[in-house]
Amino acid sequence: MAKQLYDYWFVQFDFPDENGKPYKSSGGRMVWNEKLKREIPENWHSDNVCLIADILSGGTPSKRINEYWNYGHIPFFGPTDYNGSMFQLQTADKITESGLQHCSSSLFEENTIIITARGSIGKLVIVGTPMAMNQSCYALKSKNKEYEYLYFLTIQLIESLKAKGSGSVFKSIIASDIENTMLCVANKEIISLFCDKASPIMKQIKKNTQEIMHLTKQRDDLLPLLMNGQVSVNSDLAVLYIIYGLKYQNYEREHHSGDSCENAA
């Protein structure tokens, strides 16, 4: 898995050295970092996430103005939309172009990282389709489009905030919390190498998530037809079941293919 690879490289510090061997296990030089109060690899940095990403905020257009919401097509993310998936592909609410122009949220492009800052706090998603977000979230946009490393570094950020707070529960996240949290940030070469390896794994995860979403929609469309007698079990439903089953088999093949990529990494 991409997370296992990240932990091996950036938590245990056994990324490939110049000879392709695990850095720390092979005697790579570690230096004491006063800010982090621990040793880190030589030429790595102690800094906040802003070294590699920009912090962006959201906002909600007025609910009283119908033209901002009615027949909207732009996904509008809030903490309650979080469903545990790595990639966020859809939201309960949508806003119009006018709504986007009249709120403080930008239209965030794919692979932006969103952090929920209020309500369901400290949840992370990767934007899977362009969307806006409300004021209960922050967005992190990679300065070099290397979102794969940024996503896992942000997980470490949240873990640090929880450790400084009261365990797994804390009331909210504000921008200064993000800016004042020091992290161990790798050098550019290792970040790029990691992203090259993690990118196909995470693209497969996104593709699998899209397929699950499509299959779920087909299931939800099919069940009411069965319940009200518009399809029959012996004929129409059998055909639809075959189609559904073939799609699911395709997903399974892709899913196991993704696992193979992860194991190979």
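Modeller: Start with the rule for rings. Rings of Phe, Tyr and Trp (its six-membered ring) pair if their centres lie within 6.5 Å. By this rule, the predicted model has 15 aromatic pairs. One of them joins Phe15 and Tyr23. Their ring centres are 4.6 Å apart, with 20° between the planes. Planes under 30 degrees apart count as stacked, so this pair is stacked. Both Phe15 and Tyr23 are buried.

These two residues belong to one aromatic cluster.

Now the helices. Helix H3 covers residues 147-164, and helix H5 covers residues 188-227. Their axes come within 7 Å and cross at roughly 95°. Angles of 65 to 115 degrees count as roughly perpendicular, so H3 is roughly perpendicular to H5. H3 contributes Tyr147, Glu148, Tyr149, Tyr151 and Phe152 to the contact. From H5 come Ile191, Phe194, Cys195, Ala198, Ser199 and Met202. By class, the contact has nine nonpolar residues, one polar and one charged.

Last, the setting. The chain has six helices and twelve strands. Of its 265 residues, 43% are buried. Among contacts with a separation of 6 or more, 68% link residues 24 or more positions apart.

Conventions. Residues numbered from 1 in each chain as written. Predicted model: local features only at pLDDT ≥ 70, side-chain atom pairs only at ≥ 80, totals over all residues. Heavy atoms only, no water. Phe/Tyr/Trp six-rings, centres within 6.5 Å; stacked < 30°, edge-to-face > 60°. Buried < 20%, exposed > 50% of the residue type's maximum accessible area, 1.4 Å probe, protein only. Axes fitted to C-alpha atoms, helices over the stretch in contact; angles between N-to-C directions. Helix = DSSP H or I, 4+ residues; strand = E, 2+ residues; numbered from the N terminus. Parallel < 35°, antiparallel > 145°, perpendicular 65-115°, else oblique. Contact = heavy atoms within 4.5 Å. Nonpolar A, V, L, I, M, F, W, Y, C, P; charged D, E, K, R; others polar.
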